[in-house]
Amino acid sequence: MDFALSEDHQMIRDMAREFADEVLAPQAAELEKTREFPEETLKKMAELGLLTPPVPEEYGGPGLDTLAYAIIGEEVARGCGSTATILGAHCSLCCMPILTFGTDEQKKKYLPQLTSAEKIGAFGLTEPSAGSDAAGIRTKAVKDGDYYVINGHKQWITNGHYAGIFVILANTNPKAGLRGITAFILDRDTPGFSTGKIEETMGIRGSAQTELHFEDVRLHKDQILGGERGLGRGFLMAMRVLDSGRIGVAAASVGIAQAALEAAVKYSKEREQFGSALKGFQAIQFMIADMSTELRAARLMTHYAAWAKDNNPKCTLEAAQAKLYASEVVGRVTDLALQIHGGYGYTKDFPLERYYRDARIKRIYEGTNEIQRMVIAHEVLRRVR
Ligand SMILES: Cc1cc2nc3c(=O)[nH]c(=O)nc-3n(C[C@H](O)[C@H](O)[C@H](O)COP(=O)(O)OP(=O)(O)OC[C@H]3O[C@@H](n4cnc5c(N)ncnc54)[C@H](O)[C@@H]3O)c2cc1C
């Protein structure tokens, strides 16, 4: 067993890290202050192959494996948690369902626009009354000849305010339960479609979450993800999408934790109290020891989940465990890193309070950690005899 990254993966990491250090980190604080969508940054990321890592070259992506995507996600989050969230919604939640389930026509039409960042992607599942209980969505798609007429609302949709292409879930047959949910691809300029206010969130404020409204939105049956064969398969598709999306959340958690650890180590060497640097106090050393140990475990689990995804598309257990653990680790690591900074950590003069706020969402989106525990228990009870 070789735990070392391949030369290719190391090169990808170095390139992503350089981009994060030179472009993302310096603008991260300003991005969340202005809340201006980082269009130019995303274009640069597209040029470097950082925006849609797993999308094959024929659609304009670099065609990398999931481990490379996790490495990129970590580095991007190490530089800017908000950009990592935008990346996750664009790539994991919009490009990947189109790549995995789309018809050839759908892939040819939509993926090149997404890989070039000509259009940004979003994924609309959650509704005001359907969060964890995703199967309870009320947005309806009623068949009318070759069209489906969509009415309803979505909530919390990352990139929704700026996206040009959406994968959305609607109920095409309320009597059929999970089998009554269908995924559609929607272009922003479709009549009857609009977006609402941008949410005032605690962290990742450089990304934007918004409502989506559908008022008699008419989508042709060709816009069913996967074509007519996709009818009624939307819930299963969404669960597969979230499996791989969770690896991205784990990777971003590791990236934010890494940034916090680096900041804490640096500060502990610079700050002196009682005549010596903080790094000399055992209490500080123990915090650093715990942070780095948990971070290593979270990174290994994330890389393992990425490897599992590349070797077996059904990586539900590995992805849920990586997301659960890494998202809890980033909470503990950012908390300790802020503690090491004392009062300064609590101010906006240092990035610690931002890391702390950006970390918190990781336990909530793409399935709360309570839902991850349900998924994990279900898989373990099924697999372990
Ligand atoms: C910043 C942000 C970005 C988001 N981006 C997107 C996006 O791009 N696309 C999208 O579709 N959605 C998005 N979401 C929605 C997100 O996935 C949901 O918020 C999440 O799934 C939880 O749903 P909820 O907020 O309705 O909480 P609820 O489902 O109401 O849960 C509330 C609490 O109850 C717990 N709970 C619920 N059911 C159970 C149960 N059976 N057993 C034990 N505990 C339970 C939960 O774990 C949680 O602690 C985003 C949310 C946020 C905050």
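A residue is buried if 20 or more other C-beta atoms lie within 10 Å of its own. The legends below use the word in that sense, and the model they describe is predicted.

**View 1. Helix H10 and its buried residues.** Helix H10 covers residues 352–360. Leu352, Arg354, Tyr355, Tyr356, Asp358 and Ala359 of this helix are buried. These buried residues pack against five elements: H1, H4, helix H6 (234–270), helix H8 (316–340) and helix H9 (342–345).

**View 2. The whole chain.** The chain holds 11 helices and nine strands. Its radius of gyration is 21 Å, close to the 21 Å that the globule rule gives for 385 residues, so the chain is as compact as a globular protein of that length. The C-alpha trace spans about 80 × 55 × 40 Å along its principal axes. Of the 385 residues, 52% count as buried. Among contacts with a separation of 6 or more, 75% are between residues 24 or more positions apart.

**View 3. The three domains and the contact between domain 1 and domain 3.** The chain is divided into domain 1 (7–119), domain 2 (122–235) and domain 3 (242–383). The C-alpha centres of domain 1 and domain 3 are 21 Å apart. To their contact, domain 1 contributes 18 residues and domain 3 contributes 21 residues. On the domain 1 side, the elements that give two or more residues are helix H1 (7–34), helix H3 (66–79) and H4. H3 gives the most to that side, with nine residues. By type, the domain 1 side divides into eight nonpolar, five polar and five charged residues.

**View 4. The shell around the ligand.** The ligand is surrounded by 21 residues, and the closest are Leu125, Gly131, Ser132, Thr368 and Glu370. Two or more residues of the shell come from each of helix H4 (81–101), strand E1 (121–124), strand E3 (147–158) and helix H11 (369–383). E3 provides the largest share, three residues. By type, the shell has 10 nonpolar, nine polar and two charged residues. Domain 2 (122–235) and domain 3 (242–383) each supply at least three residues to the shell.

**View 5. The largest nonpolar core.** This core has 117 residues. Those with the most contacts inside the core are Val76, Cys94, Phe184, Ala257, Ala260, Val333 and Ala337. H6 gives the most to the core, with 19 residues.

**View 6. The surroundings of Phe184.** Phe184 is one of the residues with the most contacts inside the largest nonpolar core. Not counting residues up to four places away in sequence, Phe184 touches Ala141, Ile168, Ala170, Leu219, Gln223, Ile224 and Leu225.

**View 7. Asp243 in helix H6.** Asp243 lies in helix H6. The cut-off for a buried residue is 20 or more other C-beta atoms within 10 Å. Asp243 has 26 other C-beta atoms within 10 Å, so this residue is buried. Leaving aside neighbours within four places in sequence, Asp243 is in contact with Cys315, Thr316 and Ala319. Arg357 is 114 residues from Asp243 in sequence, and the two are 24 Å apart in space, C-alpha to C-alpha.

How values were computed. Residues numbered from 1 in each chain as written. Predicted model: local features only at pLDDT ≥ 70, side-chain atom pairs only at ≥ 80, totals over all residues. Near = placed C-beta within 6 Å. Helix = DSSP H or I, 4+ residues; strand = E, 2+ residues; numbered from the N terminus. Nonpolar A, V, L, I, M, F, W, Y, C, P; charged D, E, K, R; others polar. Domains from an automatic or database assignment. Contact = placed C-beta atoms within 7 Å. Buried ≥ 20, exposed ≤ 12 C-beta atoms within 10 Å, placed from the backbone. Core = buried A, V, L, I, M, F, W, Y, C linked by C-beta atoms within 7 Å. Rg over C-alpha atoms; globule rule 2.2 N^0.38 Å.
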